[in-house]
Amino acid sequence: QEAIPEVLKRAKDILVLSVGAILKIPRFHQLAAESRGRVYIPSGAIGGIDAVLAAKVGQIHSVRITTRKPLGSLVGAPYFAKNGFWVRRIKKPTLIFEGNVSQAVRNFPENVNVAATLSLAGIGPAKTRVRIFTSPTYHRNVHEIEVKGGFGRLLFQITNLPARGNPKTSALAIGSAVATLEKIFSRIKIGT
């Protein structure tokens with residue numbers, strides 16, 4: 001989080017994977033606008049960001065992301081310590097959180113970067129709704145995104161395998177970072 005303002009002040013470019021950190025930077029949009037540096041935010045473990053950006057050209061009324069994550073990927077999240085809730089007590093699919101992106105990032109900083117990305121592409125962290133389910137029966141990270149607006153309705157579902165070595169993220173997130181770097185340097189740009 002501290003690195004992003006410093007990089008922008010020096011007019012350098014930065015690729016941000018922990019997108020939730022951006023939401024904690026005071027006056028981030030102003031800082032970025034005043035810098036000659038660029039902030040690159042990969043789509044991460046979700047798809048459809050190009051459609052959300054296109055929808056934003058018109059009017060977006062609502063954005064909701066429902067995330068289903070394996071129980072083990074949420075162990076250690078501040079949400080459980082703050083609420084005196086022991087995650088291992090969960091035995092079946094359970095809704096453990098419902099709120100906006102800002103609240104989700106505070107409670108699950110290592111688990112909801114996709115929600116932060118979605119909020120930056122759409123209607124912002126205060127208006128983007130998040131629901132998080134978990135279960136010992138889940139073995140994949142599943143994200144369902146619904147966007148409604150003057151354009152119609154978008155509905156996406158992405159099912160990801162957890163990344164090897166880090167179950168708190170998805171394998172697709174790694175590919176997204178690589179694809180973003182390739183797009184930066186490519187002579188042909190595909191997608192929004």
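1. F80 is buried, at a relative accessible area of 6%. Buried here means under 20% relative accessible area, exposed over 50%, and partly exposed in between (1.4 Å probe, protein chains only). Y79 is also buried, at 18%.

2. On provenance: this is a predicted model, where local features need pLDDT of at least 70, side-chain atom pairs count only at pLDDT 80 or more, and totals for chains, interfaces and linings use all residues. Residues are numbered from 1 along each chain as its sequence is written, and side-chain values use heavy atoms, with hydrogens and water left out.

3. The whole structure holds 5 aromatic pairs. One of them is Y79 with F80: the ring centres are 5.4 Å apart and the planes stand at 85°, so the pair is edge-to-face. The cut-offs: rings of Phe, Tyr and Trp (its six-membered ring) pair if their centres lie within 6.5 Å; planes under 30 degrees apart are stacked, over 60 edge-to-face, the rest tilted.

4. F97 and F108 also pair edge-to-face, at 5.7 Å centre to centre and 75° between the planes. This pair links distant parts of the chain, 11 residues apart. F97 sits in strand β4 (residues 94-100), F108 in the loop between α5 (101-107) and α6 (113-121). Helices (H or I, at least four residues) and strands (E, at least two) are DSSP runs, numbered from the N terminus. Both F97 and F108 are buried.

5. Y79, F80, F97 and F108 make up one aromatic cluster.

6. R68 lies over the face of F133, 4.8 Å from the ring centre. The criterion is NZ of Lys or CZ of Arg within 6 Å of the ring centre and within 35 degrees of the ring normal.
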